[in-house]
Amino acid sequence: MQTITALFYIFSAVLLLASFKVITARSPVYAALYLVLAFFSAACVWMLLRAEFLAISLVLVYVGAVMVLFLFVVMMLDVNTDSIREGFWKHFPVALLVGVVIALEMALVLMPGFDVRTAPVPDAAALSLGNTKLLGIEVYTKYLYPLQIAAVLLLVAIIAAIALTLRRRKDSKFIDPSEQVRAKKADRVRIVKMPPTIELPAAPSEPGGEKA
């Protein structure tokens, strides 16, 4: 057995074990950490397949940004795991059957793409450029318009998410800086001239209880 083949089976076994622990871990923090391990194992498999760009993107985007944010959110929230895990093992056989069917369908669709016998042989100039540069040239030349459309759709989704969550509360207090700049002394302070009022001291009462 070659070294690359042995590493592939090791990383694949770790990936499957970590994926199973994600859905069976009792603590959501441990589940998130197992998911990070699964992403790292998948990135190692991509590296063995010489897909460096996909491996680095998986580590930077999912592990470095999404999973770290998700982990902090899970640690800060008081998640009731007992109510979430109710009925898990009861529905596990059905979920396993659906997962196997989906995996077989994906295998039937993707397996023809991994047939190396029908793959075109790249020339020496293409091999010298590297996988990442070739992918960039392909994306920004042949698939430039679909890339721009996807970017616009993502921008619309970001704006919509911000607009849905940015709601003004009735009890919130805020100050408009432009009104503060335009404020004048006459608008804030009014000087009123009033005559002085002098109150006389009260007369002392006599021993009999009557005032003088």
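These notebook entries record what I looked up in this structure, which is a predicted model.

**Entry 1. Aromatic pairs**

I began with the aromatic rings and found a count of three aromatic pairs. Next I looked up where the two residues sit: Phe 20 is in helix H1 (residues 3-24) and Phe 92 is in helix H5 (residues 88-110), so their pairing ties together parts that are 72 residues apart in sequence. I also checked the cover of Phe 20, which counts as partly exposed at 40% relative accessibility.

I turned to the rings of Phe 39 and Tyr 62, whose centres are 5.4 Å apart. Their planes stand at 45°, so I recorded this pair as tilted. Phe 39 belongs to helix H2 (residues 28-48) and Tyr 62 to helix H3 (residues 52-76), so the pair ties together parts that are 23 residues apart in sequence. Are the two partners buried or partly exposed? I found that Phe 39 counts as buried, at 19% relative accessibility, whereas Tyr 62 counts as partly exposed, at 41%. The cut-off for buried is under 20%, so the value of 19% places Phe 39 among the buried residues.

**Entry 2. Helix H2**

I followed Phe 39 into its helix. H2 has 21 residues, and I noted a reach of 30 Å from its first C-alpha to its last, close to the 30 Å expected at 1.5 Å a residue. Which residues of H2 are buried? I listed Ala 31, Ala 32, Val 36, Ala 38, Phe 39, Ser 41, Ala 42, Ala 43 and Val 45. Their cover includes H1 and H3.

Ser 41 is buried, with a relative accessible area of 5%. Leaving aside residues up to four places away in sequence, I found that Ser 41 touches Phe 11, Val 14 and Leu 15. Past the helix I looked at Arg 50, which follows H2 and has a positive phi, near 65°.

**Entry 3. A nonpolar surface patch**

Lastly I looked at the surface. I noted a nonpolar patch formed by Val 94, Val 98, Ile 102, Met 106, Leu 108, Val 109, Leu 110, Met 111 and Phe 114. Together these residues have about 960 Å² of accessible area. I looked up one of them, Met 106, and located this residue in helix H5. Met 106 counts as partly exposed, at 48% relative accessibility.

Methods: Residues numbered from 1 in each chain as written. Predicted model: local features only at pLDDT ≥ 70, side-chain atom pairs only at ≥ 80, totals over all residues. Heavy atoms only, no water. Phe/Tyr/Trp six-rings, centres within 6.5 Å; stacked < 30°, edge-to-face > 60°. Helix = DSSP H or I, 4+ residues; strand = E, 2+ residues; numbered from the N terminus. Buried < 20%, exposed > 50% of the residue type's maximum accessible area, 1.4 Å probe, protein only. Expected span 1.5 Å × (residues − 1). Contact = heavy atoms within 4.5 Å. Patch = residues over 30% accessible without salt bridge, like charges linked within 9 Å, V, L, I, M, F, W, Y side chains within 5 Å. Areas by Shrake-Rupley, 256 points an atom, 1.4 Å probe, with all protein chains shown as cover. Salt bridge = Lys/Arg side-chain N within 4 Å of Asp/Glu carboxyl O.
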